[in-house]
Each structure stands twice: as structure tokens, then as C-alpha cells.
Amino acid sequence: METRVAVMSIIVENTTSVETLNNILHEYRENIIGRMGLPYKPKHINIISIALDAPQDVISALSGRIGNLEGVSVKTAFSK
């Protein structure tokens with residue numbers, strides 16, 4: 001199956017969702033190229049960037065699961 005490279009940007013405003021988010025990301029570890037997390041204490045949020053190489057439906061499924069978490073926002077940019 002053809003894969004695409006994508007970058008997922010995640011903003012976590014509700015820290016009670018962090019454990020679930022980490023469990024979801026662990027499930028997709030085979031598709032994750034790299035991950036960078038930055039706590040931004042002045043605004044009490046966490047910013048996470050994830051680079052992926054996966055089929056588009058896998059990336060979309062991951063984005064959907066993350067977006068359904070309470071207090072978590074996600075946007076994804078795909079390569080052509």
C-alpha cells in the first residue's frame with residue numbers, strides 16, 4: 001500500500017487526556033518517524049509535533065482518534 005509523509009500538530013489543553021494520547025501514539029509507533037513535545041507553561045498547554053510515514057487512511061484514523069480526546073486539537077499536513 002502506498003504511504004504518504006505527513007506532519008501532525010497537536011495542542012493539549014486538558015492534561016487528563018495526556019495518558020490516553022500517549023497510549024494512542026504508542027499504538028501507531030510503527031508509522032511514526034519522529035516526535036517532538038514542548039510544554040508551554042505560560043499558557044498551560046503542551047504542543048506536540050509528529051512526523052509520520054503511513055497510508056493516508058491510517059493517518060486519518062490517528063488524527064480522528066486524537067481529535068476526539070477532551071481538550072485536544074489536531075491538524076495534519078500531507079506531502080503531495
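The largest nonpolar core holds 18 residues, among which M8, I10, L21, I50, L62 and I66 touch the most other members. At least two residues of this core come from each of strand 1 (4-12), helix 1 (18-27), strand 3 (45-54), helix 2 (56-67) and strand 4 (72-78). The model is predicted. Its chain contains two helices and four strands, in the order β-α-β-β-α-β from the N terminus.

**Core**

- In soluble globular proteins, nonpolar side chains tend to be buried together.
- I50, one of the core residues that touch the most other members, has contacts with A6, V7, M8, I10, L25, I32, G34 and R35 when residues up to four places away in sequence are not counted.
- Two of these partners, M8 and I10, are likewise named among the core members with the most contacts to other members.

**Overall dimensions and packing**

- The radius of gyration of the chain is 12 Å, which agrees with the value near 12 Å for a compact globule of 80 residues.
- The C-alpha trace spans about 40 × 20 × 15 Å along its principal axes.
- Buried residues make up 28% of the 80 in the chain.
- Taking contacts between residues at least 6 apart in sequence, 68% join residues at least 24 apart.

**Surface and charge**

- The chain has an accessible surface of about 5,200 Å².
- Carbon and sulfur atoms account for 52% of that surface.
- There are 8 positive and 8 negative side chains.
- The centres of the positive and negative sets are 8 Å apart.

**Two loop residues**

- S17 sits in the loop between strand 1 and helix 1.
- The relative accessible area of S17 is 6%, so this residue counts as buried, the limit being under 20%.
- Leaving out residues up to four places away in sequence, S17 touches L69, E70 and V72.
- H44 lies in the loop between strand 2 (32-40) and strand 3.
- H44 counts as exposed because its relative accessibility is 65%, and the exposed class begins over 50%.
- The phi angle of H44 is near 60°, a positive value in a residue other than glycine.
- Both residues are thus placed in loops, S17 between strand 1 and helix 1 and H44 between strand 2 and strand 3, but S17 is buried whereas H44 is exposed.

Terms used
Residues are numbered from 1 along each chain as its sequence is written. This is a predicted model: local features need pLDDT of at least 70, side-chain atom pairs count only at pLDDT 80 or more; totals for chains, interfaces and linings use all residues. Side-chain values use heavy atoms; hydrogens and water are left out. A nonpolar core is a set of buried Ala, Val, Leu, Ile, Met, Phe, Trp, Tyr and Cys residues joined through side-chain atoms within 4.5 Å. Buried means under 20% relative accessible area, exposed over 50%, partly exposed in between (1.4 Å probe, protein chains only). Contact means heavy atoms within 4.5 Å. The radius of gyration is taken over C-alpha atoms; the globule rule is 2.2 Å times the number of residues to the power 0.38. Accessible areas come from the Shrake-Rupley method with a 1.4 Å probe; for residues, only the protein chains shown count as cover. Lys and Arg count as positive and Asp and Glu as negative; His and the chain ends are not counted. The place of a charge is taken as NZ of Lys, CZ of Arg, CG of Asp or CD of Glu.
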